[in-house]
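This report goes through a few features of one structure, for a reader who has not seen it before. The sequence and the model come first.

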Amino acid sequence: MDESAKVFLQRLVRRIPSQMLKTTLEKWGRLTEEELQAIDFTQPKRTLTEKLWAICVENEWTLKRITELEMIYIIDNSNQGMWYAYQLIDPEDDACCVELTQFKEQFKSHLRELVRHVSVKMKKHSDEAVWIRIAWGDSFSQPNHLKPTYAVHYLQTPYIFVTSLTSKQKPLLSQALVLSTRYQAIKDANLSGRKLSAIRDLLMRQYQQVFPTKYPSPLKEKNQTVSHPHIEKEQDGNAANRLQMACEAFGDGKLPQLQSAVYKLETNFRDQTNKTMTEREEPFRCVVKFASTNLLESLRDCASAGFASTPVTPLLSSISLKGKNYFVITDNGPGANSQPRRPQN
């Protein structure tokens, strides 16, 4: 192996936390029991890297073999980096029949027709997700394994989740995905986050949803201070209605840990006391961002507690109902319109 493989291994070992290194190597399955026992995981990472490198050289493993170790770590620690969701649209008649082997072969074939030098590795996870690792090159340079793109696709669904994709690489990946999945096109789902599991669960509706009901059940609150029966009944009813509407808007139980929502405003400025701004031909632009460790739970709690008005405004309830967290608000019509964003590195 060349020096680039050693640099890749060094960076990978530095990236994996010390307490996870042994478990990750065991899942890799390339080391024998004797080789694992010969590694002292209490040593500095520089020493560990030299030991692992010696084993790789002895076994004549290629760089692609070492990238398997990175895939195992990324799959087990997917809630890192920034993930962007995309949706395949206009399926062909046989789109639902594409199976794993067929998808693998066609995706690699189509991508290699578009890019002369590219390295593709795929792995199916236990939750049926197909993980794709792409190291990009071009007509003149070999694939750069230090800056790979990761894509996650659930077969028989139209959803793709991607991280570390540049604007130059996006059309290449999009075309390969469209051709290998039997769809006509792919679009930005306007949903992103640092937790892959959160945006996946939100987009694929993998959380407890609540549907409208005409007769919500009364909510019995603890530590009641009101003793009059009529006032008590009215307050119970109001609390129950707020909770019902909050859960209808955002869901019930444990919700996906979405961490932000962005609203981009592009409308005419309306204020008769400020003619300078009102008479401008250019639209008024601003950006509002909501952020929390769990935005959906925070919004639900605010609505159910009465800190936010109910029924919940469509600008907020659209996060769950539409499975998006990026909106563009214009004067073209009611509600929140969405537009694609440029991918980021």
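## Contacts of I319

The model is predicted. Neighbours within four places in sequence are set aside here; beyond them, I319 is in contact with L202, L258, A261, Y263, L295, L296, L299, K324 and F327.

## Nonpolar cores

I319 also belongs to the largest nonpolar core, which has 59 residues. Together with L31, W131 and F161, I319 touches the most other members of this core. Helix α5 supplies the largest share of the core, eight residues.

## Helix α5 and I66

Helix α5 covers residues 63–76, and I66 lies in this helix. I66 counts as buried because its relative accessibility is 0%, and buried means under 20%.

C56 is ten residues away from I66 along the chain. The C-alpha atoms of the two residues are separated by 8.4 Å.

## Cysteines

How many disulfides does a search of the whole structure find? The search finds zero. For C97, the closest cysteine sulfur is that of C96, at 3.9 Å. A disulfide needs the two sulfur atoms within 2.5 Å, so the sulfur of C96 is too far from that of C97 for a bond.

Definitions and conventions. Residues numbered from 1 in each chain as written. Predicted model: local features only at pLDDT ≥ 70, side-chain atom pairs only at ≥ 80, totals over all residues. Heavy atoms only, no water. Helix = DSSP H or I, 4+ residues; strand = E, 2+ residues; numbered from the N terminus. Buried < 20%, exposed > 50% of the residue type's maximum accessible area, 1.4 Å probe, protein only. Core = buried A, V, L, I, M, F, W, Y, C linked by side-chain atoms within 4.5 Å. Contact = heavy atoms within 4.5 Å.
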